[in-house]
Amino acid sequence: ALSRMLLLRSLTPQEARLSQRELDEIYRPENVQYGWEFPTQLLVIMIVFTYAVICPVILPVGTLYFCFALIVYKKQVLYVYQPVYE
């Protein structure tokens with residue numbers, strides 16, 4: 001949402017302000033993109049497990065990554081993303 005707002009503000013002159021419709025478009029709730037998020041996490045865990053055989057020091061780094069990812073994704077699911085109901 002922030003990148004969309006900055007992009008619109010940089011493209012519009014300073015005198016022009018964003019309308020309510022443009023603000024609603026910027027701050028609209030987004031859905032979780034499981035097709036993007038799930039494969040990237042699988043790729044990271046495969047890389048960590050593959051290189052852990054060669055260099056076991058990567059295991060704590062991978063653990064830290066997934067601990068921070070858990071915190072970030074938990075916040076995003078609770079406060080940023082909108083649930084999709086069928």
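In the predicted model, Cys-67 counts as partly exposed because its relative accessibility is 41%, where partly exposed lies between buried, under 20% relative accessible area, and exposed, over 50% (1.4 Å probe, protein chains only). Cys-55, at 38% relative accessibility, also counts as partly exposed. The structure holds zero disulfides, a disulfide being a pair of cysteine sulfur atoms within 2.5 Å. Of the 86 residues of the protein, 12% count as buried.

Residues are numbered from 1 along each chain as its sequence is written, and side-chain values use heavy atoms, with hydrogens and water left out. As the model is predicted, local features need pLDDT of at least 70 and side-chain atom pairs count only at pLDDT 80 or more, whereas totals for chains, interfaces and linings use all residues.

The protein has four helices and zero strands, assigned as DSSP runs numbered from the N terminus (helices H or I, at least four residues; strands E, at least two). From the N terminus on, the order of elements is α-α-α-α. Among contacts (heavy atoms within 4.5 Å) between residues at least 6 apart in sequence, 50% join residues at least 24 apart.

The protein exposes about 7,600 Å², of which carbon and sulfur atoms supply 70%; accessible areas come from the Shrake-Rupley method with a 1.4 Å probe, and for residues only the protein chains shown count as cover. Leu-43, Ile-47, Tyr-51, Val-53 and Ile-54 make a nonpolar surface patch of about 550 Å². Patches consist of residues with over 30% relative accessible area and no salt bridge, with like charges joined within 9 Å and nonpolar side chains (Val, Leu, Ile, Met, Phe, Trp, Tyr) within 5 Å; a salt bridge is a side-chain nitrogen of Lys or Arg within 4 Å of a carboxyl oxygen of Asp or Glu.
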